[in-house]
Amino acid sequence: MALGVSKKEKIDDLADTAGVSLAASAWKRLRRSPVFLIGATIIGIFIMVSLLSPWLAPHDPSDKMLIEQVVKARNEIPPAQPGHPLGGDLQGRDFFSRLLVGSQQTLIVGVGATLIGLTGGLILGTLAGAIGGWVDSVVMRLVDVMLSLPSLLLAFSIAAMFARPSQFTVILAVAIVQIPVFARLLRGSMLAQRHSDHVLAATALGVKKGAIVFRHMLPNSLSPVIVQSTLVLATAIIEAAALSFLGLGNPDDRIPEWGQMLGDVQNVFDTHPHLAAWPAVCIIIVALGFTLMGETLREALDPKNRR
Amino acid sequence: MSETLVSVQDMKVHFPIKRGVFMDRTVGYVYAVDGVDLEIKRGETYGLVGESGCGKSTLGRAMLRLNEPTAGKMVFDGQDFSALKGEELRRMRRRIQMVFQDPLSSLDPRQSVESILIEGLRAHGLDKGKESTNKRLRDLLTAVGLPTTALRKYPHEFSGGQRQRIGIARALALEPDLIVADEPVSALDVSVQAQVVNLMEQLQEQFGLTYLVIAHDLAVVKHISDRVGVMYLGGLVEEASAADLYAEPLHPYTRALLSAIPVPDPVVEDRRERILLAGDLPSPANPPSGCRFHTRCPWRQETRCDTERPVLRELKPGHKVACHWAEQIQSGQIQPHEVQPILVEEGDGLSPDVPLVGPASVTEALNP
Amino acid sequence: MALLEVRDLTVVFQRRGEEPFRAVDGVSFDVEPGQTVGLVGESGCGKSVTSLAIMGLLPKRGATVTGTVTYDGTDLLKLSDKQMRDKRGSELGMVFQDPLSSLNPVIPIGLQVTEVLERHRGLARKEAMIEAKNLLDKVGIPDPNRRLKEYPHQLSGGMRQRALIAIALACRPKLLIADEPTTALDVTIQAQILAVMKELVQDLGTALVMITHDLGVVAGLCDEVNVLYGGKVVEKADRHPLFAEPRHPYTHGLLASIPRLDAAPGEKLTPIRGSVADNIPWAQGCAFAPRCPNALDVCVQVTPAEEDQLGRLLRCHNPVVPGTPAAEEVPV
């Protein structure tokens, strides 16, 4: 304890520290949260695996190397064996390799759909929140209509509209479903911002309308949207899997995808549950990882926790 | 200091009460400000007092055109501020600045102090070169009593009083003629309020500012103001110099308001006669006929009070009052009597979506 | 014997991953039957936490309460939750700052009053209704029959606070704790509510603990005043000596910094420098030292003890001597 230092010096020391921005203090809180670390670790591993999977996978996921062990009539499927830790799938391809490479598709679809949905939602939400009036009414009624349909059903309908399903149609279908969620969220927080004192203060300063929207209203409305996008990543992965499961996904089964892997094995599920369990567990863990991150992010960005 | 800087003429702000989902239907109005005239001279401090729901904040915001007034105009330094549009209005805003009640919510939490202060300069092209701007920012901080190290910090890192200093520095940055301060100290701790009050007085002297101070605390307003206007339910009921208003309140409402304010002195408190008003503030959506105060007034008379709205008239030089019977009350000819409280229905005709219609002032109107 | 004896009440909040925070630090005071005692201080001084601790309303997790709160011979801190609930409704009443959130929004006012009467006073529904009407009448709510059927949102802020006082007084408690009961209200309504409380305290002989930041309210209402700063009682005296000759630099500074309605024109305010958050970052020393014009070097090194000085209880190494101006002119 520094008893010798004069009173004045001690007090002056208190005042002299550098500024910490909101983002920096949120990050500081996040780093201390064990739940966030678990989520971030899961997502980190997932991203690493999907990026490195072509090199990590012991075999080519489309090579039907174990085909001679597959006996359709007796529902025989290649079991685990040296070099193939999880055995083969219905067509004699190495199951472990397919699982690893499958993460790539999941990542592309999840991130792609979320980004497109986010962009659409940002545009609509900003229009509605910043302009207001009839633009707001029109946009929000449109959003209400979309939200009134069950999201999976809407995604099926959109995916089914395309003559030839592909990876892109899956992304688009999942993305469109997310747009109203983002738009509504952003519009709500933009409206709250519009009447906030600091926006009034900027108006009184004579700051131009556009600058107020993009410098004050939008940045301050983004926290809930950022949180939502991590949660949407989880649902997007699940919805994309559901589409593939129902055969609305990429028809090219040489490129593995977790949802599609689930769908392929539905007839042999009672005799070979591991074929469904592995991709299902992967989907659940990744979705959980994003959800954990989202929830802790929400807490960290909450201004009530700021000090 | 007799030059008139601001003149508000018959200002009215009525917020429509809307119902419906698709086609909004107007079912009534909140008469937040209903015909106010006032003048502010250059270099003086005009205090506007009243309780919540009286429309004082709405009036301040309407003068700044943060709300559009329904009727009436404000003439600022000879120009009709209410008629300005677009770029002209934006340029003119430089000369009228505002200080807000809640210093935290009025500062963008994502901006550092530096960018908060620089924003106004940029908007008006006063940001000439890095060096001069930097010097200007340092001068501003020194003027409001903050260390220059504050520039790199963020609003949440300051105490309430320091944040209010930042808010004042932001207003000062544009070298305004008029500063409208809406409850500048009421969100601060008691021990800090005096710092900000003294700072405002000092800055006024230093920069020749004109203030419009809006507050509910009559003691603060009396201390800081040269002239004081008292508002009740959207209208000005009395206007006088701060000393006159305290020494000789003429309007019954002012008398009641003054007598209700506690004084931190037991000797005074034990001797004081309180005029307790009956009942609550009537809803501004459904104001009483005639004199707005007649439903609670202990001096109410049988005639005129409930039929004829009194106008603000000059009873003595510089002392205006809106009461039919001010002379008689003053001379003791009319004595106070019992008042039966009248029921005031909360939320009369007000739908829950009203807050979306106008800014904070509507919530003020909703929560008397 | 005093009705309520608070001794060395200490509340420590502990949030995971953070330093423990002593919100209330060794607070002691007595309340005699029928007496009105004020706890005054600014935000963060621990006045509200003190009241919550007395009423047993602090969360069990994260808050450690030590010391004793003796009410009528029993230590309230040692009672079980159920025993405390019974005490709260019947012998201890409480009025909060925000009447809207203290009332149940989906139950009519009448039912909220009769509920208390039925539970704690064992009245039948019909008797309870009549008593409830009398209570509302007593706290000055016009047309009580109609008000009984209304919901909290239909009442104005002032009327809600009256209803809350009616509920708190329903069982004729011997002690009423009012935590900033008029802070959310306008001055004219505040004057009404304070008048009602004063009258009721006199009529019913209820002891009152008034918690507020407003020295004006205290000056007109309280017999004894405790000034709190940084979780400690820094000065305790009867109201007349306290306001006439404040001895603690904090009390002195507070009184010099509020504009008074009856001040002469042009009178200057003398602010206290810094803000409430300016604390010394180590355990020993006076919490007010960083802001204190009278501070000595000993002030940041040794925590002043509560001592009987100059005819009152003070925690200060260097109290204000009456008649001398503030030790130092504070820059703006």
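This is a predicted model: local features need pLDDT of at least 70, side-chain atom pairs count only at pLDDT 80 or more; totals for chains, interfaces and linings use all residues.
1. The interface between chains B and C brings 51 residues of chain B into contact with 48 residues of chain C. On the side of chain B that touches chain C, the elements giving two or more residues are helix H5 (160-172), helix H6 (190-207), helix H7 (218-224), helix H8 (242-247), H9 and helix H10 (266-271) of chain B. Of these, H6(B) gives the most, with ten residues. Sorted by class, this side of chain B that touches chain C holds 27 nonpolar, 15 polar and nine charged residues.

2. The contact between chains A and B takes 25 residues from chain A and 31 residues from chain B. On the side of chain A that touches chain B, helix H8 (197-205) and helix H9 (209-245) of chain A each supply at least two residues, and the largest share, eight residues, comes from H8(A). The residues of that side of chain A divide into twelve nonpolar, nine polar and four charged.

3. For chain A, an unreviewed UniProt entry lists residues 103-294 under "domain: ABC transmembrane type-1". In the model, the span of residues 103-294 of chain A is 82% helix and 0% strand, and its end C-alpha atoms lie 20 Å apart.

4. Helix H8 of chain C (residues 187-204) can be checked for its length: at 1.5 Å a residue, its 18 residues should span 26 Å, and because the end C-alpha atoms are 25 Å apart, the model agrees with that expectation. Just after H8(C), C:Gly205 takes a positive phi of about 70°.

5. Which residues of H8(C) are buried? They are C:Val187, C:Thr188, C:Ile189, C:Gln190, C:Ala191, C:Gln192, C:Ile193, C:Leu194, C:Val196, C:Met197 and C:Val201. The buried residues of H8(C) pack against elements of two chains, namely helix H9 (252-260) of chain B and, within chain C, strand S3 (36-40), helix H7 (157-169), strand S7 (175-179), strand S8 (207-212) and helix H9 (215-221).

Methods: Residues are numbered from 1 along each chain as its sequence is written. Chains are lettered from A and ligands numbered from 1 in the order in which they are written. Helices (H or I, at least four residues) and strands (E, at least two) are DSSP runs, numbered from the N terminus. The expected span of a helix is 1.5 Å times one less than its number of residues. A residue is buried if 20 or more other C-beta atoms lie within 10 Å of its own, exposed if 12 or fewer, and partly exposed in between; C-beta atoms are placed from the backbone. Two residues are in contact if their C-beta atoms, placed from the backbone, lie within 7 Å. Ala, Val, Leu, Ile, Met, Phe, Trp, Tyr, Cys and Pro count as nonpolar, Asp, Glu, Lys and Arg as charged, and the others, Gly among them, as polar. UniProt positions are given in the numbering used here, feature names are shortened, and annotations may be inferred rather than shown by experiment.
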